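Please view the sequence and structure first.

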Amino acid sequence: MGKKSLYKLGRIFLCAMFVISCFLFTACGAGSAVTITIAGKEVPLDGKLQKCIDNGLITTDASGNQETLTTTFKPREASFRSFHLGNSDYPRKCPVTVMCYNPSDSSKSVYGCRIMTFFYNTEFDSADQAQVLINGIDFWGMTEDEALKALEDKGVKVDYDTMHDSHYDTFKTKKVSWTIESKLGSNFDGTSDSPQKAVVDFDDNTYYISMVKLSISSTLNLKFE
């Protein structure tokens, strides 16, 4: 083989390696870039629901009692049905629900399906045994301004004007769509199930964070139930 042929093969090899490297980098960079934990146990957005169980969480009914799910997903099916998550130290109405999807070509138990949407409803969060953190932020008890500042400190760009006008904002970090919603302090009920988190009294005219939603559903090309 001549020098020119070796040179061409060398260039083809380098180009191929470059393409593969770019693909791997893009694939790795396509992650959710969001960390979610309940009582320090990870909830992997776009990871299998079973991973939550492996990490020490449990699926529960609406009251927080442990419940084994029997739901099955058809091939390439996504569902808007919500499933409750908690842990054995959190026997209260659970503030966290998830929606799942099945990207495979065969039917799967919900535990073998992936999490596409995560809801944290702070209004249902009354116990202090299982702190919910999103990118290290505890949105419970936060005012709207405190939440926006916390997100900004994490490098997340949020439209302040939109949030302050509608008290509801959506934005994206990589493939994850965020929705944050707030309500007036006059609607806040700090007297629900005990044991209580720290007592928070909001001014009637102050907006507090009532819900945080994270989802990758817009990136999926699946049949929704």
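## Leu133

Leu133 is partly exposed, at a relative accessible area of 22%; partly exposed lies between buried (under 20% relative accessible area) and exposed (over 50%), using a 1.4 Å probe and protein chains only. Leu133 belongs to strand β10, residues 132-134. Strands (E, at least two residues) and helices (H or I, at least four residues) are DSSP runs numbered from the N terminus.

Leaving aside residues up to four places away in sequence, Leu133 touches Thr35, Ile36, Thr37 and Asp138, where contact means heavy atoms within 4.5 Å. Thr37 is 96 residues from Leu133 along the chain, yet their C-alpha atoms are separated by 5.3 Å.

## Basis of the values

This is a predicted model, in which local features need pLDDT of at least 70 and side-chain atom pairs count only at pLDDT 80 or more, while totals for chains, interfaces and linings use all residues. Residues are numbered from 1 along each chain as its sequence is written, and side-chain values use heavy atoms, with hydrogens and water left out.

## Positive phi angles

Most residues other than glycine have a negative phi. Asp46, not a glycine, has a positive phi near 70°. Asp46 sits in the loop between β2 (41-42) and α2 (49-54). With 18% relative accessibility, Asp46 counts as buried.

Lys174 is also not a glycine, and its phi is positive at about 55°. The loop between β11 (168-173) and β12 (176-184) holds Lys174. Lys174 is exposed, with a relative accessible area of 54%.
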